[in-house]
Amino acid sequence: MEHEILLDVRHLTHIFPLSRKTAVKAVDDVSFQIRRGEIFGLVGESGSGKSTAARCVMNIYQPYAGQIYYKGIDTCDRGQFRKNKKMLQTTRQMIFQDSGSSLNQKMKVRDIIEEPMRVQKIRPLRGSYEEEARFQMKYVGLDPEYLKKYPGELSGGQRQRVAIARALTMEPELLVADEPIASLDASIQAQIVNLFRHLQKEHGFSFLFIAHDLDMVEFLCDRVGVMYHGKLVETGPARAVFENPLHPYTKALIAAIPIPDPRRERARAVPDFSNTEFSRTGTLREVEKDHFVLMEGGDAG
Amino acid sequence: MTEKTQLFQFAGERPAEKTEAEKKKKWYQDRPVAAELFLGLLVLSCLFCGQIMTKDPSYMDLKNCSVMPCREFLFGTDTMGRDIFSMIWYGGRISLAIGLLSTLISTVIAVLFGAVSGCAPAWLDALLMRLTEIFLSVPNLLLVIFLLAAAGKSNVITISAVIGMTSWTSIAKVVRTEVRQIRNSEYVIASRCMGGSFFYILWHHLAPNFFSSIMFMVVMNIRSAIVAESTLSFMGIGLPLEVISWGSMLSLSEKALMTKAWWIIMIPGVFLIVTLLSFTSIGNYLRKQANRKQRNL
């Protein structure tokens, strides 16, 4: 069952009302699938609706329209959600962007890591809660001595590892990471991304990885989706999208990746897209196997 | 050019001695030692009043009415011949119990109400807060008198309940503001994703964060509950005269004033005032501590 679809997002739309008359369409008719054991990257500029989509997937926001099927369960339906509450809350876990605010400053690292197990009242795999916490700390590359400290005493990279350890205690099948590396510096980013890769290989969980760092996404992800102003404009296997970008916005994004060589980077002419409005209309059409692009007119195929 | 360098040097020269001095501070500095000591002694002697009391506090020694403080009656006796020294400890029990019990009641109501209002959608929040304001605008004493009249015969529990039920509003408003600030922080969202219930999140994530900001008000609430009890007893609608508390002791004052027996009013009055002052200074200390911690963040 290698290609079994774990998460199926269909026509997801979410609107934030600003006042009685105006509203922001943060996510507009977005559909994508994540297969079991796959890393799906969602990229786009800030404000393009990536985080909102992720939060809808995690049931933090109730979407305005559309369905999200997780293991065939419509998680947006209150009745179905309630029936499968425990399964949904244990097998889907989220990692937030800012580890400083996603960990309670007044709790010790140990209590933070044990929190999901205590909330769900599950028996840890490795005997006691503390043993499990120690194991997870080692697993994400932290000294178990840190269990006694408060998150304020740790560095950003260490805190993000704590957040990852907290998510892993539940042995998730779907891990949603909302820009987990955006607030870290470059060397720590590389460490965390390598850690993700390693963990994903060991656990085999599916992974929704949100980032605006395209290099990292290309390195880590199997498939990517590109979002622009709430629309999913292109989706496909990472290699296909990065080597053969078809939507103009994807082309612009990829052209903006800096080359890590100052001489070549300075000489390079980066086209200026700052005032360009890219088209956001049309339908997703499959141009090659698994590679969909938002295009005007015509039938799929 | 020279001016500039001097300015830079001046800016760079700021010494770091202050923190050094703070480290050397003795444990008793900045702390309301006298208040803590007094309250500690008071609580202990009220708890172990059986060992301290020289007389039965409710026994009316009619041969010794309104006796000046002397060897036998350390604080004198009241108009009914009861020993004031014994009554102080025995009555302190009731007064402190009312203070603590009603504060407990009001804090529980306030935290629940504030947290519900803080987590609720905007319309419910507005409704709850307007209700609180209406409640707040009714004079407290009037409300207490009404509730006491409705409760019928008063004892320690009903008085505490009534005082507690009328003094939760300001704490609830503070709790609500704090909860509103932190309810959308990511660790609360994370906890909700994990399946943490409302009460779990309230206890583990919200309470530790607003605890320091309501601590001052909670301590002040103990104080005002004791005052409220003595006011009510003084007016004759609180505890009945045979239940000894500092308030009911003070309610004998009009008789005492006519007999020029100053000790009947002065001694319970002084105890009451010193206790209130102690609570106030401890409350102020806690507030300063909370503010300092927030600064250091």
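Visitor: In what order do the strands of the open four-stranded sheet of chain A stand, and how do they pair?

Guide: Strands of a sheet pair through backbone hydrogen bonds, and the pairing is either parallel or antiparallel. In this predicted model, the open sheet of four strands in chain A runs β2-β1-β4-β5, with antiparallel pairing.

Visitor: Which strands stand at the edges of that sheet?

Guide: They are β2 (23-35) and β5 (73-74) of chain A. Each has a single partner strand, so one side of each is left without a neighbour in the sheet.

Visitor: How many bridges join β1 of chain A to β2(A)?

Guide: Strand β1 (residues 5-17) of chain A runs antiparallel to β2(A), and nine bridges join the two. I5(A) is opposite R35(A) of β2(A), and H14(A) has V27(A) as its bridge partner in β2(A). A hairpin of five residues connects β1(A) to β2(A).

Visitor: And how many bridges are there between β1(A) and β4(A)?

Guide: Five bridges, again in the antiparallel sense. One residue to look up is D8(A), whose bridge partner in β4(A) is Y69(A). When you follow the side chains, remember that in a regular strand they alternate between the two faces of the sheet.

Visitor: What is the strand order in the open sheet of eight strands?

Guide: In chain A the order is β6-β7-β8-β3-β9-β10-β12-β11, and the pairing is mixed. The edge strands are β6 (92-95) and β11 (283-288) of chain A, each of which pairs on one side only. On average, neighbouring strands of this sheet are turned by 20 degrees against each other, ignoring direction.

Visitor: Which residue of β12(A) is the bridge partner of E234(A)?

Guide: V293(A) is that partner. The strands involved are β10 (residues 231-237) and β12 (residues 291-295) of chain A, which pair in the antiparallel sense over two bridges.

Visitor: How is the packing of two helices described, and at what angle do α7 and α8 of chain A pack?

Guide: Two packed helices are described by the angle between their axes and the distance between the axes. Here α7 (residues 156-168) and α8 (residues 186-203) of chain A pack at about 15 degrees, with axes 10 Å apart. Because of that angle, α7(A) counts as roughly parallel to α8(A). The crossing of α7(A) and α8(A) is right-handed.

Visitor: Which residues make the contact between these helices?

Guide: From α7(A) they are G156(A), G157(A), Q160(A), I164(A) and L168(A); from α8(A) they are I188(A), Q191(A), I192(A), L195(A) and L199(A). By class, the contact of α7(A) with α8(A) has six nonpolar, four polar and no charged residues.

Visitor: How many residues of chain B are in contact with chain A?

Guide: 14 residues of chain B are in contact with 16 residues of chain A. On the chain B side, the elements giving two or more residues are α10 (186-194) and α11 (198-235). The most come from α10(B), with seven residues. That side of chain B has seven nonpolar, six polar and one charged residues.

Visitor: What does UniProt list for residues 7-254 of chain A?

Guide: The unreviewed entry lists "domain: ABC transporter" there. Over residues 7-254 chain A is 40% helix and 26% strand, with the end C-alpha atoms 27 Å apart.

How values were computed
Residues numbered from 1 in each chain as written. Chains lettered and ligands numbered in written order. Predicted model: local features only at pLDDT ≥ 70, side-chain atom pairs only at ≥ 80, totals over all residues. Contact = placed C-beta atoms within 7 Å. Nonpolar A, V, L, I, M, F, W, Y, C, P; charged D, E, K, R; others polar. Pairing = 2+ DSSP bridges. Axes fitted to C-alpha atoms, helices over the stretch in contact; angles between N-to-C directions. Parallel < 35°, antiparallel > 145°, perpendicular 65-115°, else oblique. Left-handed = near helix turned anticlockwise from the far one by under 90°. UniProt positions renumbered as here; feature names shortened; annotations may be inferred.
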